[in-house]
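I opened this entry to keep a record of what I looked up, going from the whole chain to one group of side chains.

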Amino acid sequence: MSELPATDVLRYTAFSADPEGGNPAGIVLDASGLDDAAMLAVAAELGYSESAFLTGRTEAAEPGARGYTIRYFSPKAEVPFCGHATVATALALAERDGPGELEFATPAGPVPVTVVREDGELRATLTSVEPSVEDLAPADLAEALAALDWPAADLDPALPPRIAYAGARHLVLAAGTRERLAALDYDFARLEALMHRLDLTTVQLVWRASGTVFHVRDPFPVGGVVEDPATGAAAAAFGAYLRALALVPETAVLTLHQGEDMGRPGTLTVTLRAGDARVRVSGTGARLPEPA
């Protein structure tokens, strides 16, 4: 294994208090001395779906909040926003400095995060940037289904395909059964090419277990990763999607289960508030042991 650039790299998992669950992220709390190539090298060497880098302090909009500039890199490229790495970074800062209010200046816009201690565990809640939802062209849907090897008949007609954004763009496709969601074996290069053309970060594959409970999976070939174990940015986009299509009430609390089919189970809580277009995504996390 090659050496990482000389810097302190923390490793946390987000959306699970169990180090064996959730989505791991690398975190550099002081990346002020790293250029783009060095940050990409750290992310590539770690091999996690994303790593987060704090490049400086900023003035937060809310009085009393601690402000930071943050950037995110997958093993292949910079991404505009990453929910699980944001949660992981917030938890790392809370362990160092105590819980409270944070605000991250991301390439997608400002993202406030609140960290509290509940029953002995730290829990972070991020608030997304203003979301949006757009239609998907029939030809693009056909190409996505071909890359996934999903027959159109296997989709859930109650949750129509859309592209949703809450800091990054995600294609939402709903499976009609849990078995369809579990059987993920896709054409990596073909899906990656479509995602680059549509400027997608992940494909948010979902199955609706109940009115407020969903199981989700996120292929992430554009990041050089077959599947993302827990995806906060996609969870925020999915919350916006559900509200925009009036599939849930304006005020709702949703539970997303992700990572089960990868052996890294995690739970994401999505909160929608009437009168506020932004979406809140909450989760716990855990510091990972340093590699031997």
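**Overall fold**

I began with the secondary structure of this predicted model, and I counted six helices and 18 strands in the chain. I then looked up the radius of gyration, which is 18 Å against the 19 Å that the globule rule gives for 292 residues, so I noted the chain as being as compact as a globular protein of that length. Along the principal axes, I found that the C-alpha trace spans about 50 × 45 × 30 Å.

**Burial, contacts and charge**

I noted that 56% of the 292 residues are buried, and that, of the contacts with a separation of 6 or more, 65% are between residues 24 or more positions apart. For the accessible surface I have about 11,600 Å², with 51% of it belonging to carbon and sulfur atoms. I also looked up the charges, 22 positive and 40 negative, and found their mean positions 3 Å apart.

**Aromatic pairs**

My search of the whole structure returned six aromatic pairs.

I followed Phe238 to a stacked pair with Tyr241, at 5.6 Å centre to centre and 15° between the planes; both residues lie in helix α6, three residues apart, about one turn of the helix. Phe214 and Phe238 are both buried, Tyr241 is buried as well, and I recorded Phe214, Phe238 and Tyr241 as one aromatic cluster.

Note on methods. Residues numbered from 1 in each chain as written. Predicted model: local features only at pLDDT ≥ 70, side-chain atom pairs only at ≥ 80, totals over all residues. Heavy atoms only, no water. Helix = DSSP H or I, 4+ residues; strand = E, 2+ residues; numbered from the N terminus. Rg over C-alpha atoms; globule rule 2.2 N^0.38 Å. Buried < 20%, exposed > 50% of the residue type's maximum accessible area, 1.4 Å probe, protein only. Contact = heavy atoms within 4.5 Å. Areas by Shrake-Rupley, 256 points an atom, 1.4 Å probe, with all protein chains shown as cover. Lys, Arg positive; Asp, Glu negative; His and termini not counted. Charge placed at Lys NZ, Arg CZ, Asp CG, Glu CD. Phe/Tyr/Trp six-rings, centres within 6.5 Å; stacked < 30°, edge-to-face > 60°.
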